[in-house]
Amino acid sequence: MAFVIFVLQLVIYILLFPMYLLNFLGLWKWICKIWFPCFLSRFTVIYNKQMASKKRELFSNLQEFVGPSGKLSLLELGCGTGANFKFYPPECRVTCIDPNPNFEKYLFKSIAENRHLQFERFMVGVGENMHQVADGAMDVVVCTLVLCSVQNQEQILREVRRVLRPGGAFYFLEHVAAERSTWNYFWQQVFDPSWNLVFDGCSLTRESWKTVERGGFSKLRLQHLQAPLSWVLVRPHIYGYAVK
Ligand SMILES: C[S@@+](CC[C@H](N)C(=O)[O-])C[C@H]1O[C@@H](n2cnc3c(N)ncnc32)[C@H](O)[C@@H]1O
């Protein structure tokens, strides 16, 4: 099976050779950082339509985590275009972090469309090192479709725990690896290297639930889901929240 996967990967490699060449020349990363936000702004509209009820369900109890300030302080990690803003409760104080500064234009459009929120700031940086955020400063951290792309999931969760106040919650919604015995997992493995290149470091085969389960939270609500998406490869999802 590993040989068949390798041959199929090679076929895709040949088909995408111009992209691999640009990557070899060091140009693809630069193109990708511009292309990806533009792609995501369109993809998000479709994804939000297909996942609206799940997102509403996921974020339905956010208010339970309002801290002593009386307003929910929420950090959106890997915020992208701000796809989750419309699911947040009124007067929620939103801080955003993302390593790609080219998202800013799309993010500000989402802010303008979601006047019910109180936007705090956008920081350019990675979730593995959120030094701009003080210890225990957040009631909630949200992370959707991000753990598939990060360099170090364990370090991200350590940082999430650091910035959350005691009793604060980490909300996640992530596409993950399919069950290993399925054809979907087979095709995820075939497409993984090229997918990673095209979609700015996103991996199809991460078993992110294992990292969340080992994340050191006091309470964890985690569910597996076959998301109602047209793209079969990203249908396996996990979602839920963990309390510090
Ligand atoms: C597929 S997009 C998802 C964006 C948004 N969360 C959503 O649900 O539409 C993945 C996002 O994670 C960001 N990202 C990648 N690596 C990251 C890291 N190490 N720390 C924080 N964000 C990261 C990307 O720049 C991108 O905005």
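How much of the chain over residues 6-28 is helix, and how much is strand? Over that stretch the chain is 83% helix and 0% strand. Helices here are DSSP runs of H or I with at least four residues, strands are runs of E with at least two, and both are numbered from the N terminus. UniProt, in an unreviewed entry, gives residues 6-28 the feature "transmembrane region". UniProt positions follow the numbering used here, feature names are shortened, and annotations may be inferred rather than shown by experiment.

A word on the model. It is predicted, so local features need pLDDT of at least 70 and side-chain atom pairs count only at pLDDT 80 or more, while totals for chains, interfaces and linings use all residues. Residues are numbered from 1 along each chain as its sequence is written, and side-chain values use heavy atoms, with hydrogens and water left out.

Now the helix packing. Helix 1 covers residues 2-15, and it packs against helix 2 at an angle of about 75 degrees. Their axes are 5 Å apart. Axes are lines fitted to C-alpha atoms, for helices over the stretch in contact, and angles run from 0 to 180 degrees between N-to-C directions. Helix 1 and helix 2 are therefore roughly perpendicular to each other. The scale is this: under 35 degrees is roughly parallel, over 145 roughly antiparallel, 65 to 115 roughly perpendicular, and the rest oblique. Tyr13, Ile14 and Leu15 of helix 1 make the contact with Phe17, Pro18 and Tyr20 of helix 2. Contact means heavy atoms within 4.5 Å.

Helix 2, residues 17-24, also packs with helix 6. Here the angle is about 60 degrees and the axes are 11 Å apart. That makes helix 2 and helix 6 oblique to each other. Their crossing is left-handed. That label applies if the near helix is turned anticlockwise from the far one by less than a right angle; clockwise would be right-handed. On the helix 2 side, Met19, Tyr20 and Asn23 make the contact. On the helix 6 side, Pro193, Ser194, Leu197 and Val198 do.

Next, salt bridges. A salt bridge is a side-chain nitrogen of Lys or Arg within 4 Å of a carboxyl oxygen of Asp or Glu. How many are there by this rule? The count comes to 11 salt bridges.

One of them joins Lys33 and Asp200, at 3.0 Å from N to O. Lys33 sits in helix 3, residues 28-58, and Asp200 in the loop between helix 6 (183-198) and helix 7 (208-213), so the pair ties together parts 167 residues apart in sequence. Lys33 is partly exposed, at a relative accessible area of 29%. Asp200 is buried, at 18%. Buried means under 20% relative accessible area, exposed means over 50%, and partly exposed is in between, with a 1.4 Å probe and protein chains only.

Asp200 has another feature. Its phi is positive, about 50 degrees, although Asp200 is not a glycine. Most residues other than glycine have a negative phi. Glu91 also has a positive phi, near 70 degrees. Glu91 lies in the loop between strand 1 (73-77) and strand 2 (93-98). At 46% relative accessibility, Glu91 is partly exposed.

Back to salt bridges. Glu113 and Lys109 form one at 3.2 Å, N to O. They are 4 residues apart in helix 4, residues 104-113, or about one helical turn. Both Glu113 and Lys109 are exposed.

Arg165 and Asp139 form another, with the closest N and O atoms 2.7 Å apart. Arg165 is in strand 5 (residues 164-175) and Asp139 in strand 4 (residues 138-144), so this pair ties together parts 26 residues apart in sequence. Arg165 is buried at 17%. Asp139 is buried at 5%. There is also a network: salt bridges with shared partners join Asp135, Glu159 and Arg162.

On to the annotated domain. UniProt's unreviewed entry places "domain: Methyltransferase type" at residues 75-172. Over that range the chain is 21% helix and 33% strand. The end C-alpha atoms are 12 Å apart.

Two last residues. Is His175 buried or exposed? His175 is buried, at 5% relative accessibility. It lies in strand 5. Leaving aside neighbours within four places in sequence, its contacts include Leu145, Cys148, Cys202 and His237.

Lys219 is in strand 6, residues 219-226. Lys219 is partly exposed, at 39%. Not counting residues up to four places away in sequence, it touches Tyr241, Ala242 and Val243.
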